[in-house]
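Reader: I am new to this structure and would like to learn how to read its features one at a time. Could you give me the general idea in each case, and then show me where to look?

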Amino acid sequence: MDTVALFFTGALIAGGIYWFLCVLGPAERKGKRALDLSGGSISAEKVQDNYKQYWSFFRRPKEIETADKVPDFVDTFYNLVTDIYEWGWGQSFHFSPSIRGKSHRDATRLHEEMAVDLIQAKPGQKILDVGCGVGGPMRAIASHSRANVVGITINEYQVKRARDHNRKAGLDALCEVVCGNFLKMPFGDNTFDGAYSIEATCHAPKLEEVYAEIYRVLKPGSLYVSYEWVTTAKFNPDDEEHVEVIQGIERGDALPGLRAYSDIAVAAKKVGFEVVKEKDLAAPPAEPWWTRLKMGRLAYWRNHVVVQILSAVGVAPKGTVDVHEMLFKTADFLSRGGETEIFSPMHMILCRKPIS
C-alpha cells in the first residue's frame, strides 16, 4: 500500500509540474511554450550580455534619439522579449480596451479589425502593416478584410515567427513579412492602398520620420491609421511620480521617448497628411485597458517562477530571468500609467494622403 501511495504521490507531483510548466504557462496554446524560450536571433550564451547592452543605451540617452542608433536598440529589445511576449501574452503585442462579456483575445481581435475598417480596406488591396511583430494583427486583419497585408519588422527572428504563424494559419497567400527599418522602407513610392500601425511607431526617434516614409509609400487618396503611445493631458512633467512612471515605461519598452498626445497630429500634418479623425481610444467611457495587466499579476509571478526554474536547469538562456523581471516591473509602470490616466497606448489618428 505504501508503494502504491508513493507511486500515486509521485505521479501527482510530476503531473502538477507538467501542468505548471507546459499547460498553465502559455497564453496561447498555438504560440510559444515555456520550454522553447530563447533569445530570438541572439545565441543562448549571449542573451545576458545583450540584456546588459540594452540597458547601456539608457546610460547614453542622446544616442537613442538618433535614427542610426535606433535599429540596434529596438532589434536587441525584440530579440530579448519576443518569445516571452508570445508565451505570456499571445501573438498580438499590443493592448485593447476591455469589453464586458468578451475575452481579452476577442477584445484584441475587434481592436485590430477596427483599424482596417477605419482605412476602408477592400479584398485584394495591398495594405501595409508598419511594425508587424510576429503578425497577430496582420492575420486578424487579413482574415477580416481579405486584403493582402505586407508587414515590416526590424527583427529577423520576428520575421521567421510571423511566417511560421502565417503558414500554420493558412494565410500565406494574404500575408507577407519583410525584414526592414520602417524609417527607410524597401518599397517604392505610391505602392500601398492603405496602411496601419498598432503601437509600433512609438519606437521611432522622431515621429515625422516614420510618418514621412508611410506617406511616401501610400497611393494618393489612401488612408493610414495609427494607435500611438502618448502622455495625456493629465501628465504633469513636474510631478516626480508621473515622471517615474513614464520613464519606467520608456525603459521597459525600448522607447526613445514618449510623445505628448498633442504632438501626433502636428507630426502627421508636417509630412503632408490630412487628419481625418483623432481620438484616444483608451479614454472613458472605454473600459480600462490595463485590467489585463492587473488580472495577470498571478500569471506574471507563476511565469517568473517557471523562468527561474528553466534558467537554473539550463533550458532557458542565462539572462532570461533578468528580461522577464524587467517586463514584470514594466507591467507595473504601465498599470500605474493607466490608472492615473497620464498614459495611453492607443491614441488613434486617422490620416489621408491627399490626391494632389
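Author: Let us begin with the words for the elements: helices (H or I, at least four residues) and strands (E, at least two) are DSSP runs, numbered from the N terminus. With that in hand, we can look at what comes after α3, where Gly90 follows with a positive phi, near 125 degrees. Please keep in mind that this is a predicted model, in which local features need pLDDT of at least 70 and side-chain atom pairs count only at pLDDT 80 or more, while totals for chains, interfaces and linings use all residues. Residues are numbered from 1 along each chain as its sequence is written, and side-chain values use heavy atoms, with hydrogens and water left out.

Reader: How many helices and strands does the protein have, and what share of its residues is buried?

Author: The protein has 12 helices and eight strands. A residue is called buried under 20% relative accessible area, exposed over 50%, and partly exposed in between, using a 1.4 Å probe and protein chains only. By that rule, buried residues make up 53% of the 356 residues in the protein. The accessible surface, computed by the Shrake-Rupley method with a 1.4 Å probe and, for residues, with only the protein chains shown as cover, comes to about 16,200 Å², and 55% of this belongs to carbon and sulfur atoms.

Reader: How should I read contacts, and which residues have the most contacts inside the largest nonpolar core?

Author: A contact means heavy atoms within 4.5 Å. Of the contacts in the protein with a separation of 6 or more, 79% are between residues 24 or more positions apart. A nonpolar core is a set of buried Ala, Val, Leu, Ile, Met, Phe, Trp, Tyr and Cys residues joined through side-chain atoms within 4.5 Å. The largest such core here has 46 residues, and those with the most contacts inside it are Ile119, Tyr196, Val225, Trp229, Ile249, Trp289 and Phe343. A second, separate core of 29 residues includes Val81, Ala254, Val307 and Ala316.

Reader: What angle does the kink in α3 have, and where is it centred?

Author: The bend at a residue is the angle between axes fitted to the seven residues ending there and the seven starting there. In α3 there is a kink of about 45 degrees, centred on Val81. The expected span of a helix is 1.5 Å times one less than its number of residues. The 19 residues of α3 (residues 70-88) should therefore span 27 Å, and its end C-alpha atoms are 26 Å apart, which agrees. Because 16 of its 19 residues are buried, α3 is largely enclosed by the rest of the structure.

Reader: What caps the N-terminal end of α8, and which elements cover its buried residues?

Author: The cap is Asp239, with a side-chain oxygen 2.9 Å from the backbone nitrogen of Glu241. That is a polar contact, a pair of N or O atoms within 3.5 Å; within protein, one must be able to donate a hydrogen and the other to accept it, and residues adjacent in sequence count only if both atoms are side-chain atoms. The cover over the buried residues of α8 includes α2 (47-56), α3, β5 (218-231), α12 (320-339) and β8 (343-352). His242 belongs to α8 (residues 240-252) and is buried, with a relative accessible area of 13%. The side chain of His242 reaches the backbone nitrogen of Asn236 at 3.0 Å.
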